[in-house]
Amino acid sequence: MKSEIKKIGIPRAISYYNNYPFYYGFFSSLGLEVVLSDKTTTKTINEGAKYVVSDTCLPIKVYTGHVMNLLHKGCEAIFIPSIQSTGYKINNCSKIRGLPEIIRNVINKPFIMVEPTLDKTENISFKDFCIQSANSVGIFDKDKIKQAISDGWRVYNMFLEMTQSGVSYSEALDNAIKGKLVKKTIDIVKPLSVAIMAHGYNLFDDRISLNLIKKLEKMDVKVYTSLNVSRQDAISAIDSIGEIQYWANELELTGTAAHYLTNEKVDGIIALSAFGCGPDSLMVEEISYHCKEAGMPLIHLTIDEHTGEAGFITRLEAFVDMLLRKKRSILTKQSDKTEEDANIENTVEIKEERILTGSVK
Amino acid sequence: MNTAEKLEKTKMENTIPTKDRIIAWPRMGRIDIPLKALLVSLGAKVVIPPPNSNEALEIGVRNSIEGICLPYKLNLANYIMALEKGANTLMMFQAPGSCRLGNYTKMAQKTLKSMGYKFDMVIFDMYKSKMKQTLHAFWHVTHCINPWRYYKGFSLGFNKFFAIDTAERLLFYTRPRELNKGDAEKCYEKWLKITDETNSVIGAKKLKKQIIEDFKKIPIDKDKKVPIVYLIGEFFVLLDPYTNQNIEKELGEMGVEVQRQIMFGDWLEHVLKPSIFYHKESHRERSVRYAKKYMKRAIGGECIETIGDTVYAAKHGVDGIIHISPFSCMPEIVAQNILPKVSQEEDIPVMSLVLDEQTGKAGYLTRIEAFIDLVKRKQLRKNSK
């Protein structure tokens, strides 16, 4: 009965943005057709907002909208993982942990929910997570699952390798799914560069982030995101600023920001978070404290379903202008300084001459 | 294990000599009474911050970030007020993985240090091996090695917790039924004072019985048909009368019997007692059992308790549910999303109230009154059938 599942729907939200290459590799190796929901639009948000209570944050509304979209497409099985913790005592936000619970109770339509749990605090490892998902689509063959897991990792690693070499998110995703490995060799130098600290599901969703990356690139700003930072770098960066990882997606935010804060590659940091986001309220505060100490400019952009694009652009432009002015003043100061240094050397020489001449006298 | 060591170090700071320590902890309802008893019998000096008030909230709001939840703002205000009163050691428990609570202490530590206060923060984990951690924390602040004192302290503390819980339960029962308005409240206040003043283990053990006896003396209308309303939601908001705007009293005066499943004594007993001595089904286990239809996993905070209690209430003839939570509380938002379905399927009225520092009392009362009218009408219809 259960083995009849041929298609599995994956909502294009939340963990899609971090793990989709793995999910794709895993499920297609198991012989399932992966169906994605359409890209986020205002309609998706409105549809999702109809089902959940108003206090819920934007990403969850978007998620609900995507699940509805999959149901409209006729998907019978939908993959809704509950990622409880990604390390011992490193837990996720309650809403992400309870995604299946929310969806089960707000959408009153019959469908099969594939709801594996990942909880490393309670010793449910990633392998168990994969086995759970395979079992609930009716596949119990251990070798097949093992093969699927390694296939998943292969696609995921390819994606990771590409993003860390500087390939943009969507390009890397497309290529990883096609099985191609593209690498960026030329690094374009731009006058300004910023790092963005944000959850993948906020930043890479063009509707939620209001095309933030593209907007910045249009302003001639080079953008670094969490994709450019490796896991080890992020962990050691958190260590180096004296913080302790508490949230599951802290590496994406604090890790990224701390990495660029310590290596001085960027001129400023942009924090992008959804209104009412619990973990973000703490992480952004933490980073802004360290930024203040290091003298690094930081802007905190908050988004919700009503965010007007005009105001958003104005704030962004003001920030970029400020960075530009700061950089210019630093550069001019530096050039002044070198001139001054040259003058000082000259005077020293002159003095020496005088002394020398004096002594000779 | 570099991170773990660092974690341990920040948990129990040790810069102040033991004999100079003056200990303070955040307020939540009446936990000051038992905790004071415990620490004093271990030979420590304590400072109790003034009760939560508008002034405290203002201090908290001024010094904390915008997006954080209400309990943190009040906790921080308690710390500041205690430090102003001369405290130099701050205690707090944390439960990692539940919600933002696990980050409270870290944030408070940083904020207070940047404000220029000098103090030691002593944090004990309520995750696993709780009794050991708790004992260690109390040893750390007092350096008391006399086991008799520990016995005395803990048994005083626990018995006072139970006494307060009993008094509270009886207050909820008596208030809507009392003939002379205000009797129950007076009796409750009196016993709180006596509980605070009791200083011997034998005296503390007797408290519970005495309280029951005394409440029995209050004249009540036994045949009065009183609707029963469950209060559920976030731990701190439920237990702190300032934060929930004394909702229990308001409901009691409207002629409603309030019942609350989350009681501090019960919770503490479950958390601290080693599992071999704890034979009852704990509140959490019961909630997990009842919530099974709606939730398959605990997701942190008191979300599963909220859902489990609602189902339990519906199955045990409770007339309505009031769900209260602080603004932007993550687990309770999940609960809010689930509750409409539970309410529909179990046929029980549920109202969610979200509290923040700007909640106006008038609007809040109007909503409660309307809800109580609904509950009463439903009860009438049920009785006439």
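Domain bounds here come from an automatic or database domain assignment. This is a predicted model, in which local features need pLDDT of at least 70 and side-chain atom pairs count only at pLDDT 80 or more, while totals for chains, interfaces and linings use all residues. Residues are numbered from 1 along each chain as its sequence is written, and chains are lettered from A and ligands numbered from 1 in the order in which they are written.

**The two domains of chain A**

- Chain A is assigned domain 1 (2-177) and domain 2 (188-324), and the C-alpha centres of these two domains of chain A lie 25 Å apart.
- Between them, 24 residues of domain 1 of chain A are in contact with 22 residues of domain 2 of chain A; contact means that the C-beta atoms of two residues, placed from the backbone, lie within 7 Å.
- On the side of domain 1 of chain A that touches domain 2 of chain A, helix 3 of chain A gives the largest share, with 4 residues. Helices (H or I, at least four residues) and strands (E, at least two) are DSSP runs, numbered from the N terminus.
- That side of domain 1 of chain A has 13 nonpolar, 10 polar and 1 charged residues. Here Ala, Val, Leu, Ile, Met, Phe, Trp, Tyr, Cys and Pro count as nonpolar, Asp, Glu, Lys and Arg as charged, and the others, Gly among them, as polar.

**Where chain A meets chain B**

- Across the two chains, 26 residues of chain A are in contact with 30 residues of chain B.
- Strand 4 (82-87), helix 4 (94-97), helix 5 (99-106) and helix 13 (278-294) of chain A each give two or more residues to the side of chain A that touches chain B.
- The residues on this side of chain A divide into 8 nonpolar, 12 polar and 6 charged.

- In chain A, 3 strands form an open sheet in the order 5-4-7, with mixed pairing; two strands pair if DSSP finds at least two bridges between them.
- Strand 5 and strand 7 (117-119) of chain A are the edge strands, each pairing on one side only.
- Strand 4 and strand 7 of chain A pair in the parallel sense over 3 bridges, and A:D119 in strand 7 of chain A is the bridge partner of A:S85.

**A helix pair in chain B**

- Helix 7 (residues 147-174) and helix 8 (residues 183-197) of chain B pack at an angle of about 175 degrees, with their axes 10 Å apart.

Key
Axes fitted to C-alpha atoms, helices over the stretch in contact; angles between N-to-C directions.
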